Amino acid sequence: MPRVAVLPSSSLPPHLAELYETFASGYADFSDQAAVMAHVPAALEGLFGMLLELREQGNLPRRYVELGVVTVSVMNACPYCVTHHAPLLAVEGVPAEAIAQLPSADHPAFDDTDRLVVEYATLVTSRAWGIREAVFERLKARFEDAQIVELTLRIALAGFFNRFNDALQIDDGRAAAAMNLPSPP
């Protein structure tokens, strides 16, 4: 149960209520997250609106977006984010065994680009200040600058959502149970 009251979409102006509903059901089941984010309509509009627009634009393949998000979420031990994004990564063709091994990218299902995304997500999460130029040279060999910026944004935003969800206990216990973790007290 979240630490703050959950708000229905009807508590928002119509354009934000529509955004809430679209994000809550159109991306994956993020209704509990939207119900908490509704307390700060500007954040709901900015964050959720941006994420939906980026998804619609499709500038960065979803496989790499979800690979980055799941890697960060595993590193930050965010059961909510892992259980909500792992199925989206599976849809992109990554087998459950490979997902379960993240942040290790040694599974044969991962190609060189997948491994680079996992490495980059790990570096952004653990020591963004110390990423070597050679990593960016490898990124630039596979991605355009705009894709690198979006990948970095998605990775960093995953870290934000991990902490946001954990701090406010945005989870009804299903995520922790699915990962065999204790529910928050």
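From the N terminus on, the elements of this protein run α-α-α-α-α-α-α-α-α-α. That comes to ten helices and zero strands, where helices (H or I, at least four residues) and strands (E, at least two) are DSSP runs numbered from the N terminus. The radius of gyration is 17 Å, close to the 16 Å that the globule rule gives for 185 residues, so the protein is as compact as a globular protein of that length. This radius is taken over C-alpha atoms, and the rule is 2.2 Å times the number of residues to the power 0.38.

The model is predicted: local features need pLDDT of at least 70, side-chain atom pairs count only at pLDDT 80 or more, and totals for chains, interfaces and linings use all residues. Residues are numbered from 1 along each chain as its sequence is written, and side-chain values use heavy atoms, with hydrogens and water left out.

Of the 185 residues, 48% count as buried, that is, under 20% relative accessible area (1.4 Å probe, protein chains only). Among contacts (heavy atoms within 4.5 Å) with a separation of 6 or more, 68% come from residues 24 or more positions apart.

H7 covers residues 112-127 and spans 21 Å from its first C-alpha to its last, close to the 22 Å expected at 1.5 Å a residue; the expected span is 1.5 Å times one less than the number of residues. Its buried residues include Leu-116, Val-117, Tyr-120 and Val-124. An α-helix has 3.6 residues a turn, so residues three or four places apart point the same way. The buried residues of H7 pack against helix H4 (62-75), helix H8 (133-142) and helix H9 (145-167).

Key. Buried < 20%, exposed > 50% of the residue type's maximum accessible area, 1.4 Å probe, protein only.
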